[in-house]
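Here's a quick briefing to read alongside the sequence and the model.

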Amino acid sequence: MSKKQNRPHLASHEAAEIEQLLAKGNSKTAVDLAKTAYKHSPNPESERLLVTAYAARIASMESHGLHPEAKALFDMVWERYPGSRARLAEVRAVVAEGSLDDLVRPLNDPALAPEDRSGIESALQRSLTNPADLANCATLVPDHPLRLAAAALRNAFNAVTSGLVEDSAVELSEVSRRGPLASWKALVRAIARFYRRDDESCERLLQAIDAKSPCARLIPVLRALISDQTPDGLKPAASALARQVGGSSQALRSALERLDEAIDEEHAKTIVDAGRAAMTACRQSAPDLAGRLQQEIALRLIPTDLREDQKLKASDGPPRTDAHYWLRAARMLEEGPEVMAPMACTLWEQFREAAIHERWFAKNSAEEAVVFLHMAELLKAVPNDALSGLRKAFSEEVRDYSGYDPDLPRSAQQAEIPSPSHLYPEMLYGRACEIDPHAEAFESWFEWARTQPEKKCADDVLETWRRTLPADLRPVLLLLKSAEERKAFKKALDLLDRAEGIDSLNPEVRRARLRLLVAGAMRHLGQNKPHLAESELQALEALPEAKEKDRPVFLAALRWVSNALEGEAESASKQYSSLAGTLGGDLAASLLIAGAARGCGISRVAALGLPATRKPGPSEPAAAAVARVCAIGDDMGVEIEIPEILEAQIVKELSAGDRKFHADQLRALAEASLRRNRNKLAYAATAAGLALGGDTDARFLFLRARTLGGNVSRRFDCLAAAAELARRQRDVALLNRIVELRQRDSGMDGVNHEDLSANAPELQRVLAFERTARFSTGANRGNRRICNCPECRARRAGRAPDFSRVGPDLAGFLEELESAFGAGQGPRPPKQRKPKPRPQQAGLFDF
Amino acid sequence: MKKRQTSLTSQDDPRQILGIGPHANDEEIRFAYLKKVAEHPPDRSPTEFERVRDAYEVLRDPRRRARHMLFSGEAAPPLVSLLDGRPADRRFAGPGAWLAALREK
């Protein structure tokens with residue numbers, strides 16, 4: 001009996017220990033223990049454990065690269081333990097991985113055990129680095145599904161890495177989504193989507209790739225290419241792939257930045273070197289951009305001091321002078337001083353011709369019209385005589401750009417220069433409006449025409465506008481205004497009929513009829529033709545607009561004049577009484593009639609038989625009457641003369657503050673006073689207006705400023721406060737008037753409303769002061785409330801000071817003049833001669 | 001009613017947004033717009049939809065289209081701006097380079 005007795009079963013602790021060792025990866029010790037256990041207890045269980053240990057050992061050897069040893073051990077175990085071959089299926093594939101033929105050969109056997117097949121396919125999935133290898137593997141029968149799938153993958157892989165493919169080319173129906181080549185299918189599709197820039201789909205497909213498959217090695221490089229990042233940590237072949245596929249735009253970017261810096265520094269040699277480097281980098285990494293870069297370099301170098309040969313070197317050759325080139329050249333030039341505007345215009349014309357030739361847009365298209373309009377706008381700023389001279393030079397002397405602009409590259413200089421028609425704004429506007437007629441274009445043309453010395457020019461434009469856009473009201477209204485100014489009333493009425501045909505409800509149109517009828521009636525009355533005025537007066541009396549406000553009163557005054565001219569004393573007397581009753585007294589009636597008569601051109605009103613009017617007593621309010629009549633005159637465009645002898649009484653009544661006046665009437669009174677330089681009267685009217693408060697403060701501050709004569713600082717304060725209020729009320733018309741006045745005061749162009757502003761405390765101080773300050777011709781020294789220096793102006797306007805535009809502080813300079821030469825006088829208004837008193841005191845209105 | 005501000009910046013090219021060439025006519029512009037709107041409907045891609053709509057607003061009006069073509073962008077931008085918005089290269093390298101990376105363990 002042997003000392004070592006065979007045990008029928010493996011001890012449980014031995015099995016557990018072996019399995020523990022296998023789990024820890026200690027296959028060598030596990031094999032030794034398993035061999036001992038099998039030796040002591042040779043039974044199926046211990047054999048199973050031993051073969052398992054051997055399988056682990058073989059796999060371990062294989063993973064350490066000990067392929068021959070692993071194969072030898074495998075062969076030994078395979079032979080010695082045939083009953084346990086199933087346990088060796090997977091490791092069999094691992095052993096055979098070094099040779100694809102050996103690995104897949106068993107797949108030819110249709111009776112191959114499923115676990116064997118699974119093991120081989122798993123090994124294939126982990127090891128196949130080129131589907132062509134499997135496609136060309138002669139070990140497998142030609143129509144084996146795996147071989148067919150591999151062939152399809154090979155073809156698709158070659159296709160997607162060489163060009164764009166459609167989805168149908170990567171359908172790959174031969175490749176099963178669950179088979180060993182599934183990752184390859186995902187990879188091929190991912191590459192196809194990558195090149196089509198469908199990055200979302202590409203990423204989804206990358207996520208479907210098994211991490212154990214060799215295909216997963218391309219995931220990092222594809223992600224880096226998608227995100228256009230410099231790939232870090234890639235292996236050499238992957239890095240090379242990234243460089244080949246992605247190129248290197250970083251080098252070009254750096255080269256362009258260096259060139260930009262060089263041009264800013266204006267050092268010739270550096271520019272040339274940097275330019276050449278940039279062109280080289282561009283040709284390497286972005287060859288499609290090279291032509292464009294050449295153009296841009298040539299353009300950027302135009303204003304530099306480089307010689308022609310240096311410029312050519314920097315741009316590595318002459319630039320292509322196509323539409324793009326001319327467009328960029330024109331835009332660069334028009335950013336320069338206004339004196340370059342004609343040259344810019346010429347370049348625009350060059351662009352226009354090239355753009356049509358290159359089919360950027362068609363001839364007579366809206367785009368071409370935009371170009372014409374832009375060219376015309378450029379020439380607007382050029383004085384007429386300068387433009388004439390240039391046109392003459394163009395037609396007589398200039399043949400090419402070498403004489404016109406020698407800074408252009410030689411290739412551009414040789415371009416045929418356009419005809420000088422592009423230097424005629426009227427032609428440019430005409431073409432623009434002909435091609436694409438619209439109100440904005442005509443408006444622009446009209447604005448230019450208004451600046452021309454020939455008066456007819458503007459009217460011709462308006463006529464063209466009217467004919468081209470017959471539904472547009474604006475040209476008709478402008479023509480009407482022009483006809484009125486020329487006193488061509490018949491034409492004006494014809495135009496008015498046309499305007500009413502377009503839009504009879506337009507407020508301007510409605511005011512125009514009233515205005516024209518009044519002007520017509522007054523003209524006829526002035527010509528002593530009351531019978532001709534009669535139809536106009538009747539038409540006026542029937543006009544709805546003439547019934548608004550105090551207009552009927554004015555018409556009644558005209559009626560009085562008509563009756564007086566016709567010698568109808570009784571009718572005239574009735575009219576007068578009615579007027580006096582409506583206006584609250586003889587004073588107002590007489591004032592209005594005198595104003596109406598003067599508006600008709602009748603100078604000797606008294607000869608008409610205007611009743612003698614006594615000067616009102618102290619208890620009879622003159623201010624309200626005069627203010628009301630001034631407002632009527634303002635409304636009807638007739639100047640009302642305020643008798644000087646009433647001034648003191650009016651001022652007293654206005655200053656008393658014991659009655660309320662209408663703001664419009666006070667404004668009209670102030671304007672009428674200012675027209676005759678009656679500053680004290682105007683001052684009093686503005687005082688009463690400021691006392692009203694509310695929305696009218698802006699206008700009264702503006703009027704107050706105008707009463708202040710040479711009191712520069714206080715005048716400025718009022719204008720600034722008025723501008724601030726007008727801005728808040730969005731009263732653009734008032735703002736424009738304020739700016740105009742400020743420009744006149746300062747003698748500078750380019751003043752804009754931002755230069756006139758006041759913050760809230762300043763505004764309150766100005767208002768508080770002006771509401772209580774008494775009239776004075778002297779300067780209020782020390783009352784400067786708003787600093788006018790450029791810095792404070794700019795700070796108020798919320799922008800950085802622009803000393804270049806504002807220039808010296810003129811207001812400050814004027815203040816110094818004030819203190820040096822006497823205060824507050826300013827330009828004295830012309831002295832008014834007081835009329836000599838007549839022997840007979842006829843009335844207030846003997847002039 | 002307040003005018004909505006455009007979502008486009010001075011760097012955006014409306015033609016690129018709609019995916020059309022420089023010579024597309026009105027019909028092609030409209031077709032491209034409708035296609036883009038179908039791809040980026042307002043409920044699913046509101047930001048992209050706004051860009052598409054603003055791009056169409058610029059291109060549908062010939063005057064606005066012309067002004068954008070002629071006057072958008074700076075007159076003398078830095079040369080490096082030529083690369084702005086330019087998509088990274090994706091050049092075809094053939095199967096060899098890809099296989100080399102695959103073989104690399």
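Across all chains, the structure holds 55 salt bridges. Keep in mind that this is a predicted model.

**Salt bridges**

- Let's start with Glu368(A) and Arg352(A), whose side chains meet in a salt bridge at 2.4 Å, N to O. Glu368(A) sits in helix 20 (residues 366-380) of chain A and Arg352(A) in helix 19 (residues 341-357), so this pair ties together parts that are 16 residues apart in sequence.
- Are these two partners buried or exposed? Glu368(A) counts as buried because its relative accessibility is 0%. Arg352(A) counts as buried too, because its relative accessibility is 8%, and the cut-off for buried is under 20%.
- Next up, Arg474(A) forms a salt bridge with Glu443(A), and their closest N and O atoms are 2.6 Å apart. That pair links distant parts of the chain, with Arg474(A) in helix 27 (residues 473-485) of chain A and Glu443(A) in helix 25 (residues 439-450), 31 residues apart. Arg474(A) has a relative accessible area of 36%, so it's partly exposed.
- Chain B has a pair to show as well: Asp26(B) forms a salt bridge with Arg65(B), with the closest N and O atoms 3.1 Å apart. Here, too, distant parts of the chain are linked, as Asp26(B) belongs to helix 2 (residues 26-39) of chain B and Arg65(B) to helix 4 (residues 62-71), 39 residues apart.
- How accessible are the two residues of that chain B pair? Asp26(B) is partly exposed because its relative accessibility is 48%, whereas Arg65(B) is buried because its relative accessible area is 11%.
- Some bridges share partners: Asp167(A), Arg193(A), Arg196(A) and Asp198(A) are joined that way into one network.

**Chain A overall**

- Of the 847 residues in chain A, 49% are buried.
- Take the contacts in chain A between residues at least 6 apart in sequence, and 60% of them join residues at least 24 apart.
- Chain A exposes about 42,000 Å², and carbon and sulfur atoms supply 51% of that area.

**Chain B overall**

- Reading from the N terminus, the elements of chain B go α-α-α-α-α.
- Buried residues account for 36% of the 105 residues in chain B.
- Among contacts in chain B with a separation of 6 or more, 54% come from residues 24 or more positions apart.

**A buried alanine in chain A**

- Ala30(A) is part of helix 2 (residues 27-40) of chain A, and it counts as buried because its relative accessibility is 0%.
- What does Ala30(A) touch, not counting residues up to four places away in sequence? The answer is Ile18(A), Leu21(A), Leu22(A) and Ala53(A).
- There's a C-alpha separation to note here too: Ala30(A) and Arg57(A) are 27 residues apart along the chain, and their C-alpha atoms are separated by 8.6 Å.

**Positive phi values**

- Arg197(A) has a positive phi, near 60°. You'll find Arg197(A) in the loop between helix 10 (182-195) and helix 11 (199-207) of chain A, and it counts as partly exposed because its relative accessibility is 39%.
- Asp316(A) also has a positive phi, near 55°. Its place is the loop between helix 17 (308-314) and helix 18 (323-334) of chain A, and Asp316(A) is partly exposed because its relative accessibility is 39%.

**A charged patch on the surface**

- Which residues gather in a patch of negative charge on the surface? They are Glu257(A), Glu261(A), Asp264(A), Glu265(A), Glu266(A) and Asp305(A).
- One of them, Glu265(A), lies in helix 14 (residues 249-265) of chain A. Glu265(A) counts as exposed because its relative accessibility is 57%, and the cut-off for exposed is over 50%.

Notes
Residues are numbered from 1 along each chain as its sequence is written. Chains are lettered from A and ligands numbered from 1 in the order in which they are written. This is a predicted model: local features need pLDDT of at least 70, side-chain atom pairs count only at pLDDT 80 or more; totals for chains, interfaces and linings use all residues. Side-chain values use heavy atoms; hydrogens and water are left out. Patches are made of residues with over 30% relative accessible area and no salt bridge: like charges are joined within 9 Å, nonpolar side chains (Val, Leu, Ile, Met, Phe, Trp, Tyr) within 5 Å. Accessible areas come from the Shrake-Rupley method with a 1.4 Å probe; for residues, only the protein chains shown count as cover. A salt bridge is a side-chain nitrogen of Lys or Arg within 4 Å of a carboxyl oxygen of Asp or Glu. Lys and Arg count as positive and Asp and Glu as negative; His and the chain ends are not counted. The place of a charge is taken as NZ of Lys, CZ of Arg, CG of Asp or CD of Glu. Helices (H or I, at least four residues) and strands (E, at least two) are DSSP runs, numbered from the N terminus. Buried means under 20% relative accessible area, exposed over 50%, partly exposed in between (1.4 Å probe, protein chains only). Contact means heavy atoms within 4.5 Å.
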